[in-house]
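Visitor: I would like to learn how to read a structure like this one. Where do we begin?

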Amino acid sequence: MAQDNFSQVTEFILLGLSDTWELQLLFFTLFLLAYAMVLLGNLLIIMTVRTDPKLSSPMFFFLRHLSFIDISYTSVTAPRVLVALLSGHKAIAFEGCMTQLFFLHFVGSSEMFLLTVMAFDRYTAICRPLHYTAIMARRACWALVAACWVGGFIHSIVQILLVLQLPFCGPNTIHSYFCDVLPVVRLACADTAFTEWLMASNSGLISLGCFLVLVASYALILAKVRAHLSQGHWKPLSTCASHVMVVTLVFVPCIFTYLRPAGTLPSNKYVCIIYTTFSPMMNPLIYTLRSSEVKESMWRLWKR
């Protein structure tokens, strides 16, 4: 078919999670509660870290930025999902879909890079304690955070350019509740095999690469702690345990979703809930429950 015969798609239809009104109401309630917990929990962490001078170490500096990323990441999808579930309006303009896709990968990949930086911070604190202050100086911390955002932007701009070069002429129904590269690519009126492999290499390998770096760093930390058992090492190990929980929630579903071409397996929109909503909701609980310093600071903030 010639390119001139294509009728440009102007909007997509997001089928959402269910067509049954009772289930839509249930999902609306669950998403509303989850989004409220994401906002309140992460805002509380940001306020606590900013107002308490005792939480000035690089670990809490990165934690504050992680909370900001979690709020931004969930806000890319949750408000529109809530409106669609309540109103039944499932259409999204082509430009709106591309915008959502861009910011989803921009913020999401920035979070992956930041989690990798946080693992490096823990490795340096435990395995090289004498050099920790020099290595993780405040200027270096800001440079690492900036590098995370720049890396996320480069990743996302590559994804959006790969999607925009595809022609869309016929079906416009997306079997998900938000716009993502794999469901959108399936609707293209062209052979997308090469584009799918590029996207899998971009998103999937970034997820897998960061995950392997994280696993390696925590393995080195564990080896260090086991070789030098002392009371002072168990507290950093407890902190690392909370990081491992976050890493599992974020990376495993992303690797399952993106480390494959679009046509090999059907996408599971319920798996997407884990890393778009559940993980940002659990991060404040995991970090506050595993950190006595944060809990004490929150209590002092509450009393003030």
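This is a predicted model: local features need pLDDT of at least 70, side-chain atom pairs count only at pLDDT 80 or more; totals for chains, interfaces and linings use all residues.

Visitor: How many helices and strands does the chain have?

Guide: There are ten helices and three strands. In sequence order, the elements run β-α-α-β-α-α-α-β-α-α-α-α-α. The chain has 304 residues, and 51% of them count as buried.

Visitor: How should I read empty space inside a protein?

Guide: Rolling a probe the size of a water molecule over the atoms shows where empty space is left. Here, a search of the whole structure gives four cavities of 30 Å³ or more. The largest cavity holds about 160 Å³ of space.

Visitor: Which residues lie nearest the centre of the largest cavity?

Guide: Those are Tyr73, Gly108, Ser109, Met112 and Cys254, out of 15 lining residues. Helices H3 (94-127), H7 (193-227), H8 (231-258) and H9 (269-290) each contribute at least two residues to that lining. H3 has the largest share, with six residues.

Visitor: What is the make-up of the lining of the largest cavity by class?

Guide: The lining of the largest cavity consists of seven nonpolar, seven polar and one charged residues.

Visitor: What is the volume of the second largest cavity?

Guide: Its volume is about 130 Å³. The second largest cavity has 13 lining residues, and Leu14, Gly16, Val81, Ala84 and Leu85 lie nearest its centre. Helix H2 (residues 58-87) gives the largest share of this lining, four residues. By class, the lining of the second largest cavity divides into seven nonpolar, four polar and two charged residues.

Visitor: Now the surface. Which residues form a nonpolar patch there?

Guide: Val150, Phe153, Ile154 and Val158 do, and together they have about 340 Å² of accessible area. Take Phe153 as an example, which sits in helix H5 (residues 138-164).

Visitor: Why does Phe153 count as partly exposed?

Guide: Phe153 counts as partly exposed because its relative accessibility is 40%. The class runs between the cut-offs of 20% for buried and 50% for exposed.

Visitor: How do I read a salt bridge?

Guide: Side chains of opposite charge can pair when their charged atoms come close. In this structure the search finds one salt bridge. The partners are Asp121 and Arg122, with their closest N and O atoms 3.0 Å apart.

Visitor: Are Asp121 and Arg122 buried or exposed?

Guide: Both Asp121 and Arg122 are buried.

Visitor: Where does Arg186 lie?

Guide: Arg186 is in the loop between helix H6 (181-185) and H7. With a relative accessible area of 35%, Arg186 is partly exposed. From Arg186 to Glu196, ten residues apart along the chain, the C-alpha separation is 9.3 Å.

Conventions: Residues are numbered from 1 along each chain as its sequence is written. Side-chain values use heavy atoms; hydrogens and water are left out. On a 1 Å grid over the protein atoms alone, a cavity is a set of points where a 1.4 Å probe fits but cannot get out, and a pocket is an open set with protein on both sides within 12 Å along at least five of seven lines; lining residues have an atom within 4 Å of a point. Grid points are joined across faces, edges and corners, and a volume is the space filled by probe spheres set on the points. Ala, Val, Leu, Ile, Met, Phe, Trp, Tyr, Cys and Pro count as nonpolar, Asp, Glu, Lys and Arg as charged, and the others, Gly among them, as polar. Patches are made of residues with over 30% relative accessible area and no salt bridge: like charges are joined within 9 Å, nonpolar side chains (Val, Leu, Ile, Met, Phe, Trp, Tyr) within 5 Å. Accessible areas come from the Shrake-Rupley method with a 1.4 Å probe; for residues, only the protein chains shown count as cover. A salt bridge is a side-chain nitrogen of Lys or Arg within 4 Å of a carboxyl oxygen of Asp or Glu. Buried means under 20% relative accessible area, exposed over 50%, partly exposed in between (1.4 Å probe, protein chains only).
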